[in-house]
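This briefing concerns the contact between two protein chains. Please examine the sequence and the structure shown below before reading on.

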Number of protein chains: 2
Amino acid sequence: MPLSLSFQQSDHNHEHCIERALERAEELCRVQRQRLTAQRRRVLELVWAQHKPVGAYAVLEELQKQGRAAPPTVYRALEFLQQMGLVHKIESLNAYVGCAFAGQPHDAQFLICEQCDELAEVEIPRLSETLNEGAAISGFEPRRSTIEVLGLCPNCLDLRP
Amino acid sequence: MPLSLSFQQSDHNHEHCIERALERAEELCRVQRQRLTAQRRRVLELVWAQHKPVGAYAVLEELQKQGRAAPPTVYRALEFLQQMGLVHKIESLNAYVGCAFAGQPHDAQFLICEQCDELAEVEIPRLSETLNEGAAISGFEPRRSTIEVLGLCPNCLDLRP
DNA sequence: TTTTGCAATGTTATACTATAACAATCTGGG
DNA sequence: CCCAGATTGTTATAGTATAACATTGCAAAA
């Protein structure tokens, strides 16, 4: 079960959501003999603070509230977390989000609301297959794909004029 | 017929390719009563110079070989060209490419070779439909999507060890 | 337990990408 | 011709990311 099932309801307990993400991260790093240091854990926590993409410099500002920190600190942590599959970069926003499917191999697919900035990581049925088959027609061998859909989320559609 | 049909063969006449893109641009701007000024035309030409994404500052350097130019000059031209649907931004590379389907409404889809940097704008059968239907399942209303696939192009696959 | 070597972090500087703000100039329609 | 809006010039600065090298921490080998 993914950590985030599409867009969240107002009754969504996000504290619990963050906790689960951190626990899962601990587990994954332990299994893969990688070190989820305090610094990395803190950055992951900050990225998970909202179901919205977070800029690296926003993370940095938070870190700086508890002591000194410089950009490389954040970018290194983010790089590690991306390599571990715990965080994704949203290319169209230059921002980062916690991965909803950590530990499960998958192609990242995002729905991003341009009204409220909320983001949902999804797995659209047959999308990866369609994409891979289509690429193969061109004789192309896909390795990594960026799929980011901008639009309006159900919550914002409901509130519309 | 698209200006670029998947990946190019070595016998591909790129001069001709650029010319067609410029002619099409002239036509589109004329019909839509927009001004394809010398500056904008030159930027479009530079973006089309290769079937690879080009950085804004690379374009700037070329412009500077023929007189002064500053970043806003390039970014304004690129913004205009994007709005006219003549150029796409490749989000995962912070770079720009000429649109292969100028004048035809479409969702942008790119195959990008990580070996040779060549890029093909494609229209993968049923991909947009699958994506839109999938988003609808989440109650999401898509407006614009970013689809960029990184991998190996047929040319580079042939040359592999 | 001490050593040791690599992993992680700190620190400073800088590269790269993009836009704000305002002045000057150009262009097409009245 | 004249004007209003569009385009371009110019300077400065915001925002994103990495290079390079010093220092510290940690865990396995001796």
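Predicted model: local features only at pLDDT ≥ 70, side-chain atom pairs only at ≥ 80, totals over all residues.

**Extent of the interface**
- The contact involves 37 residues of chain A and 37 residues of chain B.
- About 2,900 Å² is buried between the two chains, and carbon and sulfur atoms account for 63% of this area.

**The chain A side**
- Four elements of chain A each give two or more residues to the side that touches chain B: β3 (109-113), α5 (127-137), β5 (141-152) and α6 (154-158).
- The most is given by β5(A), which supplies 12 residues to that side.
- Sorted by class, the side of chain A that touches chain B holds 20 nonpolar, 10 polar and seven charged residues.

**Strand pairing across the chains**
- β5(A) also pairs with strand β5 of chain B, residues 141-152, in the antiparallel sense.
- This pairing of β5(A) with β5(B) runs over 11 bridges.
- Within it, Glu148(A) has Thr146(B), in β5(B), as its bridge partner.

**Salt bridges**
- Two salt bridges are counted between chain A and chain B.
- A salt bridge joins Arg143(A) to Glu114(B), with 2.6 Å between the closest N and O atoms.

Note on methods: Residues numbered from 1 in each chain as written. Chains lettered and ligands numbered in written order. Heavy atoms only, no water. Contact = heavy atoms within 4.5 Å. Buried area = accessible area lost by both parts, 1.4 Å probe. Salt bridge = Lys/Arg side-chain N within 4 Å of Asp/Glu carboxyl O. Nonpolar A, V, L, I, M, F, W, Y, C, P; charged D, E, K, R; others polar. Pairing = 2+ DSSP bridges.
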